[in-house]
Amino acid sequence: MLGKVIASDQGPSVFEFSFVVNELVKKNQFVTVNSKNGLILGRVTNVFKTNKYFESIGAVQEISKNKMDLAFPTKDWEYTVAKVKCLGAFTDKSFIRVTYPPSPGEGVSNIDTKLLGNFLGIDKEGLDIGTILNYDLKSKLNLTSMFQKHLAILAMSGSGKSYGCSVILEELLNRRNGKIGIILIDNHGEYTGFKKDSKYGSKVKLIDAKDMKFSTENVSPGMFRAIMPMMSHAQVRDLGKVLHKLKQIKKSFSMDDLIEAVLESDTQDMVKEALVGWLNSINRMNIFSTSNYPNDSELIKQGELTILDLSKILDLKKKQTIVSLISRKLFNLRRKEQISPYVEIIEEAHNFCPSGDAQDNAISRGIIETLAREGRKFHASLCLISQRPVKLSTTALSQCNTQIIMRITNPSDLNHIRESAEAISSEELESISSLGVGEALVIGEAAKYPFFFKFRKRESIETHSKNIEEYADFYESKSSLASADDF
Ligand SMILES: Nc1ncnc2c1ncn2[C@@H]1O[C@H](COP(=O)(O)OP(=O)(O)O)[C@@H](O)[C@H]1O
Ligand SMILES: [Mg+2]
């Protein structure tokens with residue numbers, strides 16, 4: 001038994017109670033106590049100490065002045081008290097609201113792990129991503145509730161988002177049934193180690209975004225406008241006509257062919273000049289060609305992972321264009337059932353689907369918001385990862401029905417989460433700022449009740465990124481080689 005319910009000014013009530021602690025009790029721990037309702041389930045919201053000796057300022061001063069604390073057994077009066085919020089009560093058949101408080105003096109126990117598993121919606125066949133904090137219970141999340149709609153992983157830098165995402169990837173790749181395709185937009189090339197991994201490498205395709213090509217004939221006039229938002233409607237309309245004509249003559253064509261066709265068309269000279277200007281700058285991005293690389297059939301495979309490594313591209317606009325094109329393509333293929341259900345994981349999602357000032361210019365925002373709103377009808381889900389939730393489009397974030405939240409201390413990000421996740425309580429929000437690396441809160445569809453867990457150790461190779469010390473040594477060894485050559 002953990003302790004006994006005490007009578008205080010605030011309770012026990014149907015909302016909360018406190019108990020005096022015999023054994024170690026931790027914040028956020030689940031406890032049970034009997035009442036007329038059945039077995040009440042509660043969560044520890046705070047743990048604090050009291051000592052009657054030290055309650056009055058005068059007495060504290062007297063005691064220490066006269067060195068009475070040495071003579072009196074003041075320590076014997078120290079108690080640890082845990083405050084508990086009532087979540088509901090188990091009856092024979094169901095889980096109900098608490099309508100009778102527990103009695104003072106009633107024994108408080110730790111929750112039985114089986115009961116806890118049922119309460120939280122743990123699925124034995126689910127993704128084994130870690131362990132529930134303070135319990136010997138795996139936090140296995142149901143695949144459908146996690147990916148039927150969308151998922152967000154939010155936390156400040158260095159809290160373990162990418163590590164946690166790698167654990168989720170391992171679980172998806174290990175599945176025997178319910179296998180989905182995975183595409184990962186890897187902004188920093190952090191996941192490329194998966195390709196070299198002895199267990200997972202065979203199920204991984206790595207695409208270097210700088211080699212990627214999209215066939216020009218598949219780009220709609222609307223897409224050209226998304227890349228060059230300054231194009232006027234008249235220019236887009238005329239470009240549409242040229243594209244239409246060109247498609248009738250040629251099966252495939254390059255940007256140069258398209259520019260040529262614009263020049264030869266009967267479009268007004270002013271429009272022509274502007275269009276050629278826009279098309280030239282799009283051409284300089286060097287992502288459109290006469291054919292696709294890789295082929296559409298190579299882009300995503302059921303039960304496998306495709307990593308799109310964007311690390312060699314510096315220009316954000318180009319990155320967004322590639323993400324936009326690939327996301328549109330996959331969503332279209334999925335709508336036609338030409339590829340398996342899939343999840344698109346976007347690291348640094350605030351760069352691709354931003355809110356605020358950046359939103360109007362973000363080429364990829366439109367398709368990501370479309371996926372957020374309509375993807376689930378076609379079993380195309382999103383997993384948005386971000387260290388700046390406040391900068392992430394609210395349209396997209398509000399469609400993420402499961403959120404995994406790790407350490408966040410920035411008040412504006414915390415506020416944003418409070419607003420976007422209705423299920424989150426102020427105590428949980430408070431705990432987010434003190435989470436350790438790898439620890440997380442899961443709320444929403446995948447957890448019947450929000451709970452804290454720690455991601456398990458990953459099995460796959462972690463892509464090692466050099467720290468500043470290693471880079472400095474690397475630079476030094478390179479420059480000493482260079483100076484030796486000078487001799
Ligand atoms: N669950 C975990 N167990 C052990 N180490 C972890 C865990 N999560 C993260 N780390 C370590 O913490 C560091 C930061 O993790 P990372 O996933 O890169 O953070 P983020 O993506 O949030 O910036 C890495 O060195 C990683 O190895
Ligand atoms: Mg990361």
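Q: Is Leu279 buried or exposed?
A: Let's begin inside this predicted model. Leu279 belongs to helix H10, which spans residues 269-284. A residue counts as buried if 20 or more other C-beta atoms lie within 10 Å of its own. Leu279 has 24 other C-beta atoms within 10 Å, so Leu279 is buried.

Q: Which residues is Leu279 in contact with, leaving aside its neighbours within four places in sequence?
A: A chain can bring together residues that are apart in sequence, and here is a case: Leu279 and Ile259 are 20 residues apart in sequence, with their C-alpha atoms 6.7 Å apart in space. Setting aside neighbours within four places in sequence, the contacts of Leu279 are Met255, Leu258, Ile259 and Val262.

Q: How far apart do the C-alpha centres of domain 2 and domain 3 lie?
A: The domain assignment gives domain 1 (3-111), domain 2 (138-210 + 299-455) and domain 3 (215-289). Domain 2 is therefore written as two stretches of sequence, while domain 3 is written as one. Between the C-alpha centres of domain 2 and domain 3 the distance is 33 Å.

Q: Which helix gives the largest share of the side of domain 2 that touches domain 3?
A: Seven residues of domain 2 are in contact with five residues of domain 3. On the domain 2 side, the residues divide into two nonpolar, four polar and one charged. The largest share of that side, four residues, comes from helix H12 (residues 316-335).

Q: Which strands are the edge strands of the open sheet?
A: The sheet has 11 strands, in the order S9-S8-S20-S19-S18-S10-S17-S16-S11-S15-S12, and the pairing is mixed. From one strand to the next, the twist averages 25 degrees. An edge strand pairs on one side only, and this is the case for strand S9 (138-141) and strand S12 (204-208).

Q: In the hairpin of S8 and S9, which residue takes a positive phi?
A: Strand S8 (residues 127-132) and S9 are antiparallel and pair over three bridges. Thr131, for one, has Lys138 in S9 as its bridge partner. The hairpin has five residues between the strands, and the one with a positive phi, near 75 degrees, is Asn134.

Q: Which residues of S16 point the other way from Tyr342, Glu344 and Ile346?
A: In a regular strand the side chains alternate between the two faces of the sheet. S16 is mostly covered, with five of its five residues buried. Tyr342, Glu344 and Ile346 point one way, and the other way point Val343 and Ile345.

Q: In S17, what is the bridge partner of Val343?
A: S16 pairs in the parallel sense with strand S11 (residues 181-186) over five bridges, and there Leu184 stands opposite Ile345. S16 and S17 also run parallel, joined by five bridges. The partner of Val343 in S17 is Ser381.

Q: What is included in the cover over the buried residues of H14?
A: Helix H14 (residues 365-374) has Arg365, Ile367, Ile368, Leu371 and Ala372 buried. Their cover includes both helices and strands. Among these elements are H12, strand S16 (342-346), helix H13 (349-352), strand S17 (380-386) and helix H15 (394-398).

Q: Which helix gives the largest share of the shell around ligand 1?
A: Ligand 1 is surrounded by 13 residues, and the closest are Gly160, Lys161, Ser162, Tyr163 and Gly438. The shell divides into four nonpolar, six polar and three charged residues. Its largest share, three residues, comes from helix H5 (residues 161-174).

Conventions:
Residues numbered from 1 in each chain as written. Chains lettered and ligands numbered in written order. Predicted model: local features only at pLDDT ≥ 70, side-chain atom pairs only at ≥ 80, totals over all residues. Near = placed C-beta within 6 Å. Helix = DSSP H or I, 4+ residues; strand = E, 2+ residues; numbered from the N terminus. Nonpolar A, V, L, I, M, F, W, Y, C, P; charged D, E, K, R; others polar. Pairing = 2+ DSSP bridges. Axes fitted to C-alpha atoms, helices over the stretch in contact; angles between N-to-C directions. Buried ≥ 20, exposed ≤ 12 C-beta atoms within 10 Å, placed from the backbone. Contact = placed C-beta atoms within 7 Å.
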